[in-house]
Amino acid sequence: MTDAAIRPEIAEIVAKIDALRPMLAAAGRDADANRRIPEESFAAVAGTGAFSISAPTKFGGFAANTREAHAVARAIGRGDGSLAWVDGILDSGAWVLSLMDERAQQDVWGGEEGLNSFISIVLATTSNAERVDGGYRVTGKWGYGTGSMNASWSLLGVPLKNEDGEVVDAGLALIPTAELTYEDNWFVAGMKSTASVMQVAEDVFVPEHRIFPLTAAVEGGYLGRNDEASYKTVFVPSLFMKLIGPHLGMGRAALDYVIEKAESKAIAYTGYEKQADSALFQSAVARASVRLDAAEALAAQVADEIHGGGEPDFYAPYGKRIEMRAKAGWIVETITDIINDLVTAHGSAGFADSAALQRIWRDQATAARHGHTLAASGFEAFGKVIFGREDDARFVLPIV
């Protein structure tokens, strides 16, 4: 990935993470088995400032652009895909909070923890919110609470109601994790150490200034509140593109692993004592390398489109946002195929519990099924847009 849009301050964070890569990779096996990111790994990456790059500069953040978010998550993903996924979620939480009421930002970043007060986010409105004087009382359960075990706050989806109790919108409620409990139901094939547990709220009061309406946000209703360019971009594409960086890192990690082992690993039942001597193996690795470069280039292109539109009163129309969504799906699908091909090229040894490759394969395959970046729905909706059937596209993906 080119670094033309990456500032020196972010490049320094990436360099610090690169230096941590051997430690992150070594800790990955135990993290996977224990279903928790080791405190040492999390603290080391947090110490680089990685999780708060999208916070506003007035609080000490960098108001990062999408390419910068990709660079940081990609660097983490080359060491530990699960930790990179947590980074993508915490980075999303920081970015959304930056769009909210100034009082909400002060609540989170104005205290002693400052930027070390991290925010997880779950958009699903699997809850009930009753309007009361000064805000809402919220009760509900939210699955896939990635990052919540390491966060001080959570942004959680809630239905917003009018005075008659009718649901008129969806929103996000900013709640301290100290006021939540959790159910440990995260028993999965991949992304095990993300500890994406279910969060639970029981009649929690949320003041009005900590509520963020989503319908207006999807259409750019927050534009103009913050002068920094990062906060004048399209809402949903900015969020789903933050989940692309971990995939780029895991794809690169798989390629790194297969290349590293090729000089010492034979090809079973052939005369090749080194995989690296085989023309077929060389071709497989070359193909994977080129396709990964293409995925990174397309990710950079979409990132530039998102931030190139950050002009006053400009907001990319639905059709353009759907195109971004389709491209995001292609990137994820392509990286899934790349890793599958690399696992095949490397051979069955890659499935050993001790092999990092099978963990990369499982983590990325699990993350690839996230609804925000599924290729099939993105391609279907974009195909309808191409043929002038935008209403039909909105049935497939109404919120983009």
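Guide: The protein chain has 13 helices and eight strands in its secondary structure, where helices (H or I, at least four residues) and strands (E, at least two) are DSSP runs numbered from the N terminus. This is a predicted model, in which local features need pLDDT of at least 70 and side-chain atom pairs count only at pLDDT 80 or more, while totals for chains, interfaces and linings use all residues. Residues are numbered from 1 along each chain as its sequence is written, and side-chain values use heavy atoms, with hydrogens and water left out.

Of the 400 residues of the protein chain, 55% count as buried, that is, under 20% relative accessible area with a 1.4 Å probe and protein chains only. Aromatic pairs come to ten, if rings of Phe, Tyr and Trp (its six-membered ring) are paired when their centres lie within 6.5 Å, with planes under 30 degrees apart counted as stacked, over 60 as edge-to-face and the rest as tilted. In one of these pairs, the ring centres of Phe 212 and Phe 235 are 6.0 Å apart and the planes stand at 50°, so the pair is tilted. Because Phe 212 belongs to strand β8 (residues 211-213) and Phe 235 to helix α7 (residues 235-242), the pair ties together parts that are 23 residues apart in sequence.

How values were computed:
Buried means under 20% relative accessible area, exposed over 50%, partly exposed in between (1.4 Å probe, protein chains only).
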